[in-house]
Amino acid sequence: MTITDLETLPDTFFNQRYGSEIIEKIRNTEKSKLIRMIDWMISTDELITFTATVTFKNLVGYEASSSMKKATKYEYEKRVLNKVRKRLSRSQDLWTTVLPIDFLAIYEKEQGSFFKPTPKGNSPHHIHGLISVKREHAYRIYNFWLRELDKRLYKDLKSISTVSTFKIEPIRLDEAKNWVNYMTKGKNPETDWFV
């Protein structure tokens with residue numbers, strides 16, 4: 001059970017006295033803020049939210065600490081998202097308006113072992129993300145009639161040499177909570193999210 005307001009707290013003397021402070025602290029955690037933002041993204045009529053999973057290959061680390069994470073983040077933000085932005089609008093001045101929310105992403109590294117080897121192509125580094133697009137521009141990246149990614153965007157993403165696989169599709173409202181739970185499984189919003 002998730003505690004979201006005073007009514008969900010058990011009725012004890014301690015909670016009667018300090019309940020407001022408890023709820024305030026719960027609501028101000030980073031994970032709680034992210035969940036509220038994601039709930040808003042999914043429920044608003046102005047935006048269409050897409051899930052994105054992008055797997056990378058042949059990455060070169062930039063720094064000693066967290067080098068592959070930084071390389072993966074760079075490739076996602078500067079190459080993949082820029083292809084999406086360009087498909088939505090050729091004018092860089094409009095990129096923030098046509099793609100207002102593009103910063104919710106999590107880096108993951110698929111661990112290999114004797115029983116579970118790394119994926120074929122040796123591409124364990126990947127990103128799970130949420131992308132929100134203005135409703136009137138969403139058709140430029142996804143063909144809702146055919147239920148597939150726009151052909152031009154597909155071709156542009158395939159041309160990125162460091163991208164191994166990708167999947168971008170509209171989030172299903174009935175499975176939105178499951179997707180967010182899958183993305184955030186065991187992740188700390190302060191360190192693992194790109195927010």
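A residue counts as buried under 20% relative accessible area, as exposed over 50%, and as partly exposed in between (1.4 Å probe, protein chains only). By that rule Arg-147 is exposed, because its relative accessible area is 70%. The model is predicted: local features need pLDDT of at least 70, side-chain atom pairs count only at pLDDT 80 or more, and totals for chains, interfaces and linings use all residues. Residues are numbered from 1 along each chain as its sequence is written, and side-chain values use heavy atoms, with hydrogens and water left out.

**The chain as a whole**

- The protein chain has six helices and six strands; helices (H or I, at least four residues) and strands (E, at least two) are DSSP runs, numbered from the N terminus.
- Starting at the N terminus, the order of elements in the protein chain is α-α-β-α-α-β-β-β-β-α-β-α.
- The protein chain has 195 residues, of which 39% count as buried.
- Contact means heavy atoms within 4.5 Å. Of the contacts in the protein chain between residues at least 6 apart in sequence, 68% join residues at least 24 apart.

**The sheet**

- Four strands form an open sheet in the order E2-E3-E1-E6, with antiparallel pairing; two strands pair if DSSP finds at least two bridges between them.
- Strand E2 (101-109) and E6 are the edge strands, each pairing on one side only.
- From one strand to the next, the twist averages 15°. Axes are lines fitted to C-alpha atoms, for helices over the stretch in contact, and angles run from 0 to 180 degrees between N-to-C directions.
- Helix H3 (residues 67-88) packs on the sheet and touches E1, E2, E3 and E6. The direction of H3 makes about 30° with that of E3.
- E2 and E3 run antiparallel and are joined by seven bridges. Lys-109 stands opposite His-125 in E3.
- E1 and strand E3 (residues 125-134) also run antiparallel, with nine bridges between them. Thr-49 stands opposite Ser-132 in E3.
- E1 pairs with E6 in the antiparallel sense over seven bridges. Phe-56 has Val-163 in E6 as its bridge partner.
- Nine of the 10 residues of E1 are buried, so E1 is largely enclosed by the rest of the structure.
- In a regular strand the side chains alternate between the two faces of the sheet.

**Aromatic rings**

- A pair of aromatic rings is described by the distance of the centres and the angle of the planes.
- Four aromatic pairs are found in the whole structure. Rings of Phe, Tyr and Trp (its six-membered ring) pair if their centres lie within 6.5 Å; planes under 30 degrees apart count as stacked, over 60 as edge-to-face and the rest as tilted.
- The ring centres of Phe-50 and Phe-144 are 6.4 Å apart and the planes stand at 40°, so this pair is tilted.
- This pair links distant parts of the chain, 94 residues apart: Phe-50 is in strand E1 (residues 47-56), and Phe-144 is in the loop between strand E4 (142-143) and strand E5 (148-149).
- Phe-50 is buried, at 0% relative accessible area, whereas Phe-144 is partly exposed, at 37%.
- Phe-50, Tyr-142 and Phe-144 make up one aromatic cluster.

**Residues in loops**

- Arg-147 lies in the loop between E4 and E5. Although Arg-147 is not a glycine, it has a positive phi of about 55°.
- Thr-162 is in the loop between helix H5 (151-158) and strand E6 (163-170), and counts as buried at 11% relative accessibility.
- Not counting residues up to four places away in sequence, Thr-162 touches several residues, among them Thr-55, Phe-56 and Glu-75.
- The side chains of Thr-162 and Glu-75 are joined by a polar contact of 2.6 Å. A polar contact is a pair of N or O atoms within 3.5 Å; within protein, one must be able to donate a hydrogen and the other to accept it, and residues adjacent in sequence count only if both atoms are side-chain atoms.
- Ser-89 is in the loop between H3 and helix H4 (95-98), and counts as buried at 10% relative accessibility.
- The side chain of Ser-89 reaches the backbone nitrogen of Ser-91 at 3.3 Å.
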